Amino acid sequence: MAASIPQPVDPPRRVLMGPGPSDVAPHVLAALAAPTVGHLDPYFLTLMDEVQGMLREVFQTKNKMTLAVSGTGSAGMETCFVNLIEPGDKVLVCVNGVFGGRMSDVAARCGGEVMTIERPFGEVFTTDEVATAVKEYNPKLVAIVHAETSTGALQPIEEISKIVHDAGALLLIDCVTSLGGLPVEIDRWNVDAAYSGTQKCLSCPPGLAPVTFSDRAVEVMETRNSKVASWYLDMSMVRNYWSDQSRAYHHTAPINMNYGLHQALRDVFDEGLETRFARHTRNHLALSAGLEAMGVKFAVAKEHRLPMLNAVLIPDGVDDKAVRSQLLNDFGIEIGGGLGPMAGKTWRIGLMGEACTQRNVLLFLAALENCLLAAGCSAIAGSGVGAANEFYRSA
Ligand SMILES: *Cc1c(COP(=O)(O)O)cnc(C)c1O
């Protein structure tokens, strides 16, 4: 029997420059390994309050109902829909990538009557397009992705929020990839519900989904006619555990994941939100300068690009999988391939949280040049590192 026991866990050291998870700082990993306490231990209850406080800061909200759902970003998505939607409710979902598509699937599973509007991958919605659909459909809730990780496009939210609220609907946004890397201003934008994940720009391992709900959203939950279809994600029970008074047991919180998130959020505020956003922009611009000097083109128009997820077109004649394997095997660098209609056509280069550094930008460009030379693309290789260095010197 002993001979068949698998080897101990000893993962390779990677540089995580894909669509998530991103690199995790050693002290966040150390926090995960701290002693587990009980889910009602006074130490843990205090830590939960602190996590809640820091989540409000990062979401830029005063929303009382702000907490970390047990599960990854998709659990945050399900939490928002299953609590706000009852069977027969009309939901408008804006789909310009894989995650908008996932939202429409989830909304329909909750019994929502889903109408979608679509834009090609890599593009974003105009306010007018959303306004027209809202007028035509009169939905209870409008759902849209802030940072589409499948395409690399950034959706402006503020004006759409006005349209949605003028029509008396609720606004739900996916900010899984944007939170911690770009401004997410829940109160100023007047967003009713938002969910995120820990493993993108917050640089914690995957496992928790920060969510926040406005008072208006809470009222909608409190006046439901039907029970929430998911027992696990039912906020009317989960909130009693996270709230100040009763601390009623619902499910056992993933204690150590909350330690990790606590440490990762401390890092966010240690750096400062503005400084962190500026770091993401700066490294994105340096990477762009390098890629463009090499002749590698972005899949998204300049004004809609995400800083933390760079979707580029794979140069003609280059083997997608061969290059990604070489990056991983020779340099330990993970990047993402394309999703959906972009499969085989794009690479997705992440600059999220801890992974968003000058060191990684220069390492990646040098490694990509090496791979492209190996692939016989000598015409485009050789200039990326220089252009990025020039950007860093002059910016
Ligand atoms: C990663 C991601 C999700 C899903 O999160 P999981 O943690 O993989 O469940 C949802 N939306 C967007 C925009 C994402 O980037």
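How far is an oxygen atom of the ligand from an N or O atom in the side chain of Thr149? The answer is 2.3 Å. Keep in mind that this is a predicted model.

Let's stay with the ligand. For Thr177, an N or O atom of the side chain sits 3.0 Å from a ligand oxygen. For Gln199, a polar side-chain atom is 2.7 Å from an oxygen atom of the ligand. How much of the ligand does the protein bury? On its own, the ligand exposes 380 Å², and the protein buries 89% of that.

Now the surroundings. The shell includes Thr72, Gly73, Ser74, Phe99, Arg102 and Ala147. Asp174, Val176 and Lys200 are also among the residues around the ligand. By type, the shell splits into 3 nonpolar, 6 polar and 3 charged residues. Two helices each give at least two residues to this shell: helix H3, residues 73–84, and helix H4, residues 98–109.

Next, the protein interior. Nonpolar side chains tend to be buried together in soluble globular proteins. Here, the largest nonpolar core has 89 residues. Which of them touch the most other members? They are Phe81, Leu141, Ile173 and Phe213. Helix H2, residues 42–59, provides the largest share of this core, with 9 residues.

Take Phe81 as an example. Leaving out residues up to four places away in sequence, Phe81 touches Val91, Met103, Val106, Ala107, Cys110, Leu141, Ala143 and Leu172.

Last topic: the backbone. Where is the cis peptide bond? It runs from Gly20 to Pro21, with omega near 5 degrees. Pro21 is in the loop between strand E1 (15–16) and helix H1 (26–32).

Asn190 has a phi of about 65 degrees. Its loop joins the stretch between helix H7 (186–189) and strand E9 (193–195). Arg247 has a phi of about 50 degrees. Arg247 is in the loop between helix H9 (235–242) and helix H10 (255–271).

Are these two buried or partly exposed? Asn190 has a relative accessible area of 35%, so Asn190 counts as partly exposed. Arg247 has a relative accessible area of 12%; buried means under 20%, so Arg247 is buried.

Key:
Residues are numbered from 1 along each chain as its sequence is written. This is a predicted model: local features need pLDDT of at least 70, side-chain atom pairs count only at pLDDT 80 or more; totals for chains, interfaces and linings use all residues. Side-chain values use heavy atoms; hydrogens and water are left out. A residue is near a molecule or strand if one of its heavy atoms lies within 4 Å of it. A polar contact is a pair of N or O atoms within 3.5 Å; within protein, one must be able to donate a hydrogen and the other to accept it, and residues adjacent in sequence count only if both atoms are side-chain atoms. Accessible areas come from the Shrake-Rupley method with a 1.4 Å probe; for residues, only the protein chains shown count as cover. Helices (H or I, at least four residues) and strands (E, at least two) are DSSP runs, numbered from the N terminus. Ala, Val, Leu, Ile, Met, Phe, Trp, Tyr, Cys and Pro count as nonpolar, Asp, Glu, Lys and Arg as charged, and the others, Gly among them, as polar. A nonpolar core is a set of buried Ala, Val, Leu, Ile, Met, Phe, Trp, Tyr and Cys residues joined through side-chain atoms within 4.5 Å. Buried means under 20% relative accessible area, exposed over 50%, partly exposed in between (1.4 Å probe, protein chains only). Contact means heavy atoms within 4.5 Å.
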